[in-house]
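Please look over the sequence and the model shown here before reading the report on its open space and its packing.

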Amino acid sequence: MLGLLFLLIVLQREILHKRALMRNDICALECGIPKHFGLFYAMGLALMMEGLLSACYHVCPNYTNFQFDTSFMYMIAGLCMLKLYQKRHPDINASAYSAYASLALVIFISVLGVVIGKDYIVFWAVFSFIHILATLLLSIQLYYVGRWKLDVGICRRIIRVIYTDHIRQCSGPAYIDRMVLLIMGNIVNWSLAAYGLILRPKDFASYLLAIGICNLLLYFAFYIIMKVSAQLISSVYCHGHRGTVKSFCCLLTNQWKDNT
């Protein structure tokens, strides 16, 4: 029911947006980012399927059937992260093929973990390596905001950047706030990978779900912090207050009042 209600709300918003475009509403034409409702529909369908598969699991609950209850939870977490990224960068969003191929890979790893991942050390080593590698690749994608490509020349470019920017010139990161937040996210993910590799929890589906929820919350916090910091910086430059503690406190107070 909640998934159906979510779909009806999205449909209503899409109809209102189309009517505003037909009226040549200035807010709909020139304000905000372009409206995309496809991911919202996918999230609503995933919520409906989550309810259906959760009902199937609770008919005969056991360890093997628990993957039915969690499979679409992974989908919902991935779709929420994609939607947050689309809100910030509507022009460089991931393609549907790569996004759903990644989600299918997550489901496949979940099935393998439930079937063979209880005490199989090789599986946990491979999974931890994939987890850390995916974390690094996504961190690079978020740091460079889509200006970085994964291809055959990636290793050569990484070595060149490390040599020119950090060894030869010893220059710091161009985006310090973004770098600090991504380092914190990597610490959390590396800790989760080490926890899985060392302790090898029995319930792999819950462990994988914890990774998805933690990353969703981390990216949600990253989204809010980057958005608020961008608004504060633009407000500082617009009002001419640069670097004073008094102006920064005033901006924080105004931001809090606007949000409440």
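Predicted model: local features only at pLDDT ≥ 70, side-chain atom pairs only at ≥ 80, totals over all residues.

## The largest pocket

The largest pocket holds about 1,800 Å³ of space, and its lining is made up of 48 residues, with M81, S102, A134, T135 and L138 lying nearest the centre. Two or more lining residues come from each of α4 (66-88), α5 (96-116), α6 (121-144), α8 (176-199) and α9 (204-239), and the largest share, 11 residues, is given by α6.

By residue class, this lining has 33 nonpolar and 15 polar members, while no charged residue takes part in it.

## Helix α6

With 24 residues at 1.5 Å a residue, α6 should span 34 Å, and because its end C-alpha atoms lie 35 Å apart, the model agrees with that expectation. The buried residues of this helix are F123, W124, F127, S128, H131, T135, S139, L142 and Y143. After α6 comes V145, which has a positive phi, near 55°.

## Nonpolar cores

The largest nonpolar core has 15 residues, of which W124, F127, F204 and Y207 touch the most other members. At least two residues of this core are supplied by each of α4, α5, α6 and α9, and α9 gives the most, with 6 residues.

Leaving aside residues up to four places away in sequence, W124 is in contact with G117, K118, G196, L197, R200, P201, F204 and Y207. Another core, lying apart from the largest one, consists of 11 residues, including A46, F72, M75 and L79.

Methods. Residues numbered from 1 in each chain as written. Heavy atoms only, no water. 1 Å grid on protein atoms, 1.4 Å probe; cavity = no way out; pocket = protein on both sides within 12 Å on 5 of 7 lines; lining within 4 Å. Points joined across faces, edges and corners; volume = space filled by probe spheres on them. Helix = DSSP H or I, 4+ residues; strand = E, 2+ residues; numbered from the N terminus. Nonpolar A, V, L, I, M, F, W, Y, C, P; charged D, E, K, R; others polar. Expected span 1.5 Å × (residues − 1). Buried < 20%, exposed > 50% of the residue type's maximum accessible area, 1.4 Å probe, protein only. Core = buried A, V, L, I, M, F, W, Y, C linked by side-chain atoms within 4.5 Å. Contact = heavy atoms within 4.5 Å.
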